[in-house]
Each structure stands twice: as structure tokens, then as C-alpha cells.
Amino acid sequence: MKATAKANANIALTKYWGKRDKKLMLPQNGSTSMTLSGLYTVTTVEFDKKYEKDAFVLDGTELGEERAEYKKVKKHLDLIREKAGISEKARVESKNNFPTAAGLASSASGFAALSAAGAEAAGLKLSSQELSALARMGSGSATRSVLGGFVEWKPGEKEDGSDSVAEEIAPKEHWPEFRMITTIVSTTEKKVKSRAGMAQTIETCPYYRDWLATVNEDIENVKKGIKEKNFALVGQTAEYNCLKMHATMITTKPAMIYWMPTTIAIIHGILAWREEGLESYFTIDAGPQVKVICLEKDVPSLEKRLQATEGVQKTVVCKPGEGVKLIEEHLF
Ligand code: 2P0
């Protein structure tokens, strides 16, 4: 009853921000993303009678029962146990190859890996849609990391949430030249986590309904742009969608301003470079890092410019990556 899974992070091209059902983790709106090669979580889960309680080791440190991350993992294990009809406690070890909780979607790769490894270890045989619905129960963005390439998370209409799942827009082979350059401008843990932040936005932001009114059009444009490999359409739509989401964050009470000076310096850089004919677009999540959407041919010039921007600590170039998969190498 032991299994290990590897899941890549994903970055939304059109964002998820807000739940319509907190218990079933159903989103207010659909979203689209690219699964990233190279930024991943590996998780081993073992259910065994020898364990007296669930244990969760993240990046080499065992987390105490009082930690929020421990509670989320335990809740997810309970859900898997319930589905599989088992009662054994589990040991979970998880490793990220990038900083946790700094706006690089660690909960997406984390819960996709935990769901795949946990389901396998518990003997559940799930389709990829069922697996995405399970991952969703851990973290909304994890729904999308179950699949590779370009992905849509359908908001779904059913009350039980069974149709709020991931669907492939196109596999990674469809557009192998597509790139996202992830910049790391800060590795400090953010002050307001997404879950609390999005709930505050729904409660207090006067523009939230305007956000919801325009998201579906963005989703359609991103899907069309991906299918037709229309880079400008994908980039322009993703950038504007990100700005609309941040407009709701900034106008939430209390305001959530995730951008740091380096975030803004990169934005201005991208706009100026675009004027010169170097085409790239930015997208930013609930954190200060900027993800630069571009094509393979422009990566060398963009990386040079990004690395010369004051405050940029690191850049990581990501291609469209694969979905979650089981691997043989266990962490313990
Ligand atoms: C996204 N974000 O679509 C958006 C954009 C952040 C900004 O999904 O409460 O960690 O676990 O469902 O998935 C981050 O939120 O939140 C997120 P929960 P999650 O990628």
C-alpha cells in the first residue's frame, strides 16, 4: 500500500479566484493553464497498520499536527480512506524542487501528487477526470495539474461537483515552442494565502461581479489561441485577465497587493521590450513572481534582460509539461 507520484506545477493563463462552494471546493469561474515541465512535487504515500497516526514530512521536515499543511493533508487522506474503504494511517513524504508558498503553485503540484500517490496506495482505480476531482478537494489549482499540456478546469454545474474537473485543451506536443519563464523575485512566504484572500475578495470587492462577467470570454479566447497557435491572442488575453484579477485583489478590504518593486520593474520591461518587437506577455498569481509567456526563439534575449533587472534572483524556463504520473522511486 505504497505509491509515489510526480506532479508538475501549472500556471493559469486565465485565473481561478473565488469559490462558490467551499466544502466541495467548487470555483466561481472556470480557468485555463499550462502545466510546467521542471517545477514539480514528488510525493510518496504509504498506508500501513504499523502507523499509529498520519505523518507528513515536507522537504525533509516533519510537520506537527497543529500546522495548517498537516491538517489539509490529513483531511485529504481521510477522503481517500473513505473512498477506498480503508482505515490504515499513512506516512506521507513530499519534496518540492522550488520554494513552497511563494506564488509558484506548490499546492497545485502538491495535491495532484498526493492524490495520485494516495489513490494508488489505497487501491483506488480512478480515471484522470476522477483524479482531477479528488485533487480539487485538496486545492483548486491542483485540479489542473493532473493533466499535461494546456488544460481547462470546467467550473461544472452539478451540485455534487462531479463535473468540476480538468479537461485537456491540447497536449504538450501541440505547441512545443511555447514557454513560460518563471522569475523568482522573492522567496518570502506571502502574508495572505490564496484561500483566505479569494474569500475576502468575494466578500468585499465591488468589482468582483465585473470580473466574473468577463472571464468566460477570456477562456474562449485562450482556447482558440491555443488551438490555432495564435500566440498574440493567448498572450494578450492572459495578461489582461491577470490584470483584472489583480484589480480585484487590490480593491479587496484589506487590500492584497502581492506585487513588489521588482514585479513592477519586470512588467515595465516587458511592455518596453514589446515596443521594440520582442514579444512576450506577463502573468502573475497570488505572489510577487512574474511568469513571462513567450516563444522558444525569444528565450535567450528575454532571459538576458530579465536577469539584468534589479531584484531578479533567478529565472526558470518551463516548457509545456506532462500530467501527474506514478514513478517507481519512493522517497522512503
Ligand atoms: C490560479 N490561484 O488560477 C489562481 C490565480 C492564485 C491566483 O489557484 O483554496 O492554492 O487551495 O483552492 O488553488 C491559488 O489558489 O487555492 C490559485 P485553494 P489555490 O492559479
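Pairing here requires at least two DSSP bridges between the strands. Strands are DSSP E runs of at least two residues, helices H or I runs of at least four, both numbered from the N terminus. In β7, Glu93 sits opposite Thr44.

The model is predicted: local features need pLDDT of at least 70, side-chain atom pairs 80 or more, while totals for chains, interfaces and linings use all residues. Residue numbers start from 1 along each chain as its sequence is written, and side-chain values use heavy atoms, without hydrogens and water.

I then checked the other partners of β4. Strand β1 (residues 2-14) pairs with β4 antiparallel over 11 bridges. Ser33 of β4 is the bridge partner of Ala12. Ser33 also has Val151 of β8 as a bridge partner. Strand β8 (residues 150-153) is antiparallel to β4, with 4 bridges.

Next I traced an open antiparallel sheet of 4 strands, ordered β11-β12-β10-β13. β11 (281-284) and β13 (314-318) are the edges; each has a single partner strand, so one side of each lacks a neighbour in the sheet. The twist averages 25° from one strand to the next (axes fitted to C-alpha atoms, angles from 0 to 180 degrees between N-to-C directions).

Inside this sheet I found 5 bridges between antiparallel β10 (residues 178-184) and β12 (residues 290-295). Met180 faces Ile293 of β12 there.
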